[in-house]
Amino acid sequence: MSKTWMRFAVGVAVIAALAFTGWTRIAKVEAQTPLTGTWSGTVQKDNNKINLSFERHSEKSGRHQTGQTFDFSDLQGLTREQALNGGPANFSLVREAGRIDCEGTFQNGKGSGTFRFTGNAAFVSAMKSRGFDFEEDPNSDKDGRDKLFAATTLNVTTALADDLSSAGLGKLETEDLFKAAIFKIDSKFMREMKASGYENLSMEDLVKARIFKIDPEFVRQVSQMGFNKEPFESLVKMQIFKVTPEFISEMRNEGLTNLQIEDLVKLRIFKIDVNFIRQAKSEGVPLEVEQLVQRRIGVARNRN
């Protein structure tokens, strides 16, 4: 390689290094630049929690509103008694991703005021080393601090990232961390679902499992109902349409045998219950799911 080309290559490398360093500095400055907005809060009457709503505005991404329920133990400088008794309030939510400092007033358990959010650049760096991007994207019209703000309210941590990565779920994206935090998904839950027979569930599947309360105990109950190794989506349908052991027993007692989950779902969708089946039997309708469905929608009656 000639000296001229050598100098050119070195020059390009230096420029690239400076550019990278520059963007890294920008990301750190962006994380540490405060984000401001307003908050409102209401104390929950039946427990030691408070509902807080944050509204923020940035030039890049516009207005955002976030609501979350917190334990009073999560907040530094505010107790349930202070919120109920009323008066000036200064408190903070301090998490690994950043801190939200609030000031304002409370009256009869309801409060409002302003807040100031500051992201933690060390958190951004730690997450980047784990393959999760919380940095400001210079090509995006979104404010990079929004991710940090969400991570703070949801308590997304490096420990959570490490825990999920250890579960063998494959490559996870930054958004997966938020889903895991929202729906309480961790490596323990992942391993339990794998052990129950569902070894290849994605993060989306695990979110569905949490939403529809599908856990190893439910898998065991489904097996006791006579359904083994059903597709995961079949379990979701059972929960959505309330296919319970009691409902299955009622259908079998009325003479409907060899029912599959899809059959039971149809019965639920078309609101076919014990009374409908007995009336259909008295009219000579065959005890078959499709015949009962046709009777429900009027097809069988129109054929007579």
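**Pockets, cavities and helix packing in a predicted model**

Q: Which residues lie nearest the centre of the second largest pocket?
A: The model is predicted. In it, the second largest pocket has a lining of 17 residues. Those nearest its centre are Gln-68, Leu-154, Asn-155, Ala-181 and Lys-184.

Q: Which element gives the largest share of the lining of the second largest pocket?
A: Strand E3 (62-71), helix H4 (145-154) and helix H6 (174-183) each give two or more residues to this lining. The largest share is 4 residues. That share comes from E3.

Q: How many charged residues are in the lining of the second largest pocket?
A: The space in this pocket is about 290 Å³. Its lining includes 7 nonpolar and 4 polar residues. The charged residues number 6.

Q: How much space lies in the largest cavity?
A: Cavities of 30 Å³ or more number 2 in this structure. The largest cavity is lined by Leu-169, Met-190, Met-193, Lys-194, Tyr-198, Glu-199, Leu-201 and Leu-206. Its space comes to about 50 Å³.

Q: Are H5 and H6 roughly parallel or roughly perpendicular to each other?
A: Helix H5 covers residues 158-165, and its axis lies 11 Å from that of H6. The packing angle is about 100°. Angles of 65 to 115 degrees count as roughly perpendicular. H5 and H6 are therefore roughly perpendicular.

Q: Which residues in H6 meet H5?
A: From H5, the contact uses Leu-160, Ala-161 and Leu-164. The contact of H5 with H6 has 6 nonpolar residues, with no polar and no charged ones. On the H6 side, the residues are Leu-177, Ala-180 and Ala-181.

Q: How are H11 and H12 oriented, roughly parallel or roughly perpendicular?
A: Helix H11 spans residues 245-253 and helix H12 spans residues 261-269. Their axes come within 11 Å and cross at roughly 95°. H11 and H12 are therefore roughly perpendicular.

Q: Which residues in H12 meet H11?
A: H11 brings Phe-247, Ile-248 and Met-251 to this contact. By class, the contact of H11 with H12 has 5 nonpolar residues, 1 charged and no polar. The H12 residues are Leu-264, Leu-267 and Arg-268.

How values were computed: Residues numbered from 1 in each chain as written. Predicted model: local features only at pLDDT ≥ 70, side-chain atom pairs only at ≥ 80, totals over all residues. Heavy atoms only, no water. 1 Å grid on protein atoms, 1.4 Å probe; cavity = no way out; pocket = protein on both sides within 12 Å on 5 of 7 lines; lining within 4 Å. Points joined across faces, edges and corners; volume = space filled by probe spheres on them. Nonpolar A, V, L, I, M, F, W, Y, C, P; charged D, E, K, R; others polar. Axes fitted to C-alpha atoms, helices over the stretch in contact; angles between N-to-C directions. Parallel < 35°, antiparallel > 145°, perpendicular 65-115°, else oblique. Contact = heavy atoms within 4.5 Å.
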